Amino acid sequence: MASGRVINLARFLGRAAEPAAAAQSSALQYSTVGGVAAYKLPDLPYDHSALEPVISGEIMELHHKKHHAAYVTNLNKALEEYADAESNKDLQKMISLQSAINFNGGGHINHDIFWTNLCPEKDAAPPSGELLAAIEAKWGSLDKFTATFSAKTAAVQGSGWGWLGLNKETKALEIATCANQDPLAAKGLVPLLGIDVWEHAYYLQYKNVRPDYLKAIWKVVNWENVAQRYKAAKA
Amino acid sequence: MPFTLPPLPYAMDALEPHMSKRTLEFHYGKHHQAYLDNMNKQIAGSELEAKTLEGVVLSSWNNGSPTPVFNNAAQVWNHTFFWENMKPNGGGAPSGKLADAINASFGSLDEFKAQFKNAGATQFGSGWAWLVADKAGKLTVEKTPNAVTPLVEGKTPILTMDVWEHAYYLDVQNRRPDYMNTFVEKLIDWEAVAKRFEVATA
C-alpha cells in the first residue's frame, strides 16, 4: 500500500546532484489519486508529426507513447514497491529497487526535458542574447558548438545522451554526455539541452547513421526553451 | 593483415519471419561491417594486427580500462558469435548432455528461458544476454553492457542474444520482450550451443 508521500527523485542521485536535481525534479508533473502517488506522462508541446521531416511522426509516437510512457509506468511501480519496502523496513528490497528507480526516473526526467527542447522547424530560431554570447565565448561560434556537441554525442558508446549543461558552481556552459538514462544532474550540471542518442530515437529513419540524425536535429532545436532554462539556471 | 567478416551462416532472408531480411541487411551489412572496418582502421600498423580476434579483444580490454579498440573488436566477436547461434527453423529444445546441464543448473528449460529473458530485459540500455559454461558443466546466465563479453572474465559463453535496440527495432520496435520470446522459441540453434558446451567441458 503506497504511502502517498512525494518521493524526491533527487535522493537517489547523490548529494552533489541535489541542488540541480531538485530544481529539475520539481518540474515533473505529479498527482496523488486515492492516496497513491504517481508521476504523469506529459503531453508533447506539439503534434507527433510536427517535427517532420527531421524526426518522423512514427518515431515521435513510439518514443513518447511507448518508451517514455514505459519509463513513467515502471518508475511509479518501482516507487510504490520502494514505499512498501520502506514501511516494512525491508532494506534488502529497498536496495534492490534502486537501479530500476535510477533508470526509469532518469528516463522520465530526461525525456520530460527533451520534448521541450524541440519544436517544429518553422518555429525554430537560432540562439541570441546572453545565451549566444556565452556559447560564442566558450566555443567561438554557434557552428563550432554544434559540431563539437555532435561529435561528442555521436561517440557515445551504446545508449545515452548528449547535453549542454550549466555548471552551477562556475556558471559556465559545458558539453557532457551520459550513459543510458543517467541524469545529467548527477554530474553537477543543470540540463539545458539534451539530445537522445538511444537507437530508438532515430533508428527507423536514420538506421545506423547516427551522425546524420545529429546533423539534422539542430533544425528542430527550440533555442527559446534552452534560453529559458539557461536564465533559470543562472538565477 | 586486416581482419575480414565471416559470411553469414545463412541467407539474409533465411531467418524470416522471425528476424527480417531488412534487419539482417542492416545488422550484418552495416553495424557488424562498421565495427570491423573501424577496428581495422584502429589497429592498422600495430602489433594487434598479428593477433587473433580474441587476442585483440582481450588485449584491448586492458584489464578493465578498455581502449577505443575494444568497443569495435568485441562487437565484431560478439556479432559473429550471435549469427552462429541462430538458424532457420531454430528453437525447440536442447538434448543430451546440454539438456541435462540445463536441468541441473536451472531446474528446467523453462526456468532457464525465464532467467535468460530476464537478463535481456534488465540489461537497461544496450548489451547482451549470455549463457556461460564452466569446465565442470555448470551453466549460468549473465548480462553485459554495450560491447562487454564474458570472454574478458575468462569465461566461456555458449549462447548469446543481442539486446541493442538495432537488433530488433525494425521488426518489433520497442517490444523487446516480443523479440526475446521469438529468439528463444524460434531462432536458437541448440546444436550449435551443444557443440560449444562440449568444447567448454572437454
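In chain A, UniProt assigns residues 39-118 to the feature "domain: Manganese/iron superoxide dismutase N-terminal", from an unreviewed entry; UniProt positions follow the numbering used here, feature names are shortened, and annotations may be inferred rather than shown by experiment. The model is predicted, with local features requiring pLDDT of at least 70 and side-chain atom pairs counted only at pLDDT 80 or more, while totals for chains, interfaces and linings use all residues. Residues are numbered from 1 along each chain as its sequence is written, chains are lettered from A and ligands numbered from 1 in the order in which they are written, and side-chain values use heavy atoms, leaving out hydrogens and water.

The annotated span 39-118 of chain A is 72% helix and 1% strand, with its end C-alpha atoms 22 Å apart. Helices (H or I, at least four residues) and strands (E, at least two) are DSSP runs numbered from the N terminus. Chain A as a whole has eight helices and five strands, arranged along the sequence as α-β-β-α-α-α-α-β-β-β-α-α-α. Of its 235 residues, 52% are buried, where buried means under 20% relative accessible area, exposed over 50%, and partly exposed in between (1.4 Å probe, protein chains only). Among chain A contacts (heavy atoms within 4.5 Å) between residues at least 6 apart in sequence, 68% join residues at least 24 apart.

The UniProt record places "domain: Manganese/iron superoxide dismutase N-terminal" (unreviewed entry) at residues 3-87 of chain B, a span that is 58% helix and 0% strand and whose end C-alpha atoms lie 24 Å apart. The record also gives "domain: Manganese/iron superoxide dismutase C-terminal" (unreviewed entry) for residues 94-196 of chain B; here the chain is 47% helix and 20% strand, and the end C-alpha atoms are 13 Å apart.

Turning to the interface, 17 residues of chain A are in contact with 16 residues of chain B. About 1,700 Å² is buried between chain A and chain B, with carbon and sulfur atoms giving 60%; buried area is the accessible area (1.4 Å probe) that two parts lose on being put together, summed over both. Between the two chains there are eight residue pairs in polar contact (both at pLDDT 80 or more). A polar contact is a pair of N or O atoms within 3.5 Å; within protein, one must be able to donate a hydrogen and the other to accept it, and residues adjacent in sequence count only if both atoms are side-chain atoms. Helix 2 (57-87), helix 3 (91-117) and helix 6 (203-206) of chain A each supply at least two residues of the side of chain A that touches chain B.

A:H200 lies in the loop between strand 5 (189-196) and helix 6 of chain A and is buried, at 1% relative accessible area. Its side chain makes a polar contact of 3.5 Å with that of A:H67. Leaving out residues up to four places away in sequence, A:H200 touches A:I59, A:H63, A:H67, A:Y71 and A:H111, as well as B:E165 and B:Y169 from the partner chain.

Over all chains there are 10 salt bridges, each a side-chain nitrogen of Lys or Arg within 4 Å of a carboxyl oxygen of Asp or Glu, and zero of them fall between chain A and chain B. In one, the side chains of A:E130 and A:K234 meet at 2.3 Å, N to O, linking helix 4 (residues 129-139) with helix 8 (residues 223-234) of chain A across 104 residues. A:E130 is exposed at 56% relative accessible area, whereas A:K234 is partly exposed at 28%. In chain B, the side chains of B:K113 and B:E185 form a salt bridge of 3.1 Å, N to O. B:K113 belongs to helix 5 and B:E185 to helix 7 (residues 176-187) of chain B, so the pair ties together parts 72 residues apart in sequence. B:K113 is buried at 9% relative accessibility, and B:E185 is partly exposed at 35%.
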